[in-house]
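Please examine the following structure.

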Amino acid sequence: AARGAFQLRQALMPYLYNAAREAFDSGIPLIRPMYLYYPENDLAYANDMYGNFTEYFFGSDSMVVAPVVFPVDKETNLAKTKIWLPPGVWIEKNTGSVIEVTSESSGVIEHDWDITEIPTYIKGGAIIPATFDQSAGNTIGTTLTAYKTLCFELYPPSGSYPSQGNSSAQTGLVYEDDSATTSYIDGDYTLTTVSTSEKSAAGMQITLQAPEKTFSWLPETREFAFVLVNSIPAKSVTMNGQDLPYDDLKTGTSPSYYYDASRVATVIFTGAMPIDKSIAIEIEWAEQSPANFSNLSGLKGILSRSNLALEALNEVQGSPGFFNAAQGSFERLTTLGVSIEEDVASGDFKSAFDALNSFDEKLAAAIQEVQ
């Protein structure tokens, strides 16, 4: 759990460095109490010494983190917490669950967490910059070296992509300086901006605007990745007018895209790009019917936890399908993501959407089988 937390912090370094610059300019700290943005809401003050309502804004008003400080239940090994989220659309980072808060009281949620999970919620419409410059031997958390890779996690304004008529533009940025001197005071820094637009439910555009100024401490080339959270599969993706190939092996080593069903996300890689070159990406979705993506909320968490549960069962007694070939509902749920990815890779989008729409039914059958 600690290792995962350190790795997550390293990945979020661009986001944290943005917040550090904002703190320098405005005096607003990285960790921000809920009442800073919602002073009129009583529940923004509900945190107490017993560990209730521990949530706070982390780095901006787009991310809420709620540390678990309760002991776990001895039978379930899970800890139950109460969390308050302000009005708006929020996406639970661990599970992809979409929570639409329409009033102060409706923002109170109860959830069970295991020891590996840090409750984190991202506001719909946010673009969270990250990096995947992680390898064995690298110092965790350093910003003394310019990012070789930048990843932008795009969270849909309405909870899922495409938005089906509820579209709104999204914007995000990455701030960089030389990380060693105070020359940023004199304007020696760069901004890389990302924006999105949805012209219709059939597709969307992502635009990365290269920095207006370049410096010697920037790399000549950089790789970019875009992760569209809670999205249906894409039928095609172009970058600067060129079709990108589908990467069914999910290598991410060259310009390409793929559907990661375990994350319920479309992932796009640009390959190495000149640091001063802007990027325009066009995405055509595979399906336009609202019925084909209404069930994406929480699917990421179901797939993750079902696989963890299957591993635990196999260590103790084996799953029902292991002993009886006539059963196997649990196994079919755990392999749902693999099945979806195979369908998308082969171009069989109908079967992929049928599988996406079946996860509620498969979940119910799996629960009944193991009870």
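Asp260 stands opposite Ala265 in strand S18, where strands (E, at least two residues) and helices (H or I, at least four) are DSSP runs numbered from the N terminus. This is a predicted model, in which local features need pLDDT of at least 70 and side-chain atom pairs count only at pLDDT 80 or more, while totals for chains, interfaces and linings use all residues. Residues are numbered from 1 along each chain as its sequence is written, and side-chain values use heavy atoms, with hydrogens and water left out.

Strand S17 (residues 256-260) pairs with S18 in the antiparallel sense over five bridges; pairing requires that DSSP find at least two bridges between two strands. The hairpin of S17 and S18 has four residues between the strands, and Val264 takes a positive phi near 50 degrees there. S18 (residues 265-274) is also joined to strand S14 (residues 221-229), antiparallel, by eight bridges, and Glu223 has Ala272 in S18 as its bridge partner.

Phe24 and Tyr184 form an edge-to-face pair, 5.4 Å centre to centre with 85 degrees between the planes. Phe24 belongs to helix H2 (residues 13-26), whereas Tyr184 lies in the loop between strands S11 (170-176) and S12 (190-200), 160 residues apart.

Key:
Rings of Phe, Tyr and Trp (its six-membered ring) pair if their centres lie within 6.5 Å; planes under 30 degrees apart count as stacked, over 60 as edge-to-face and the rest as tilted.
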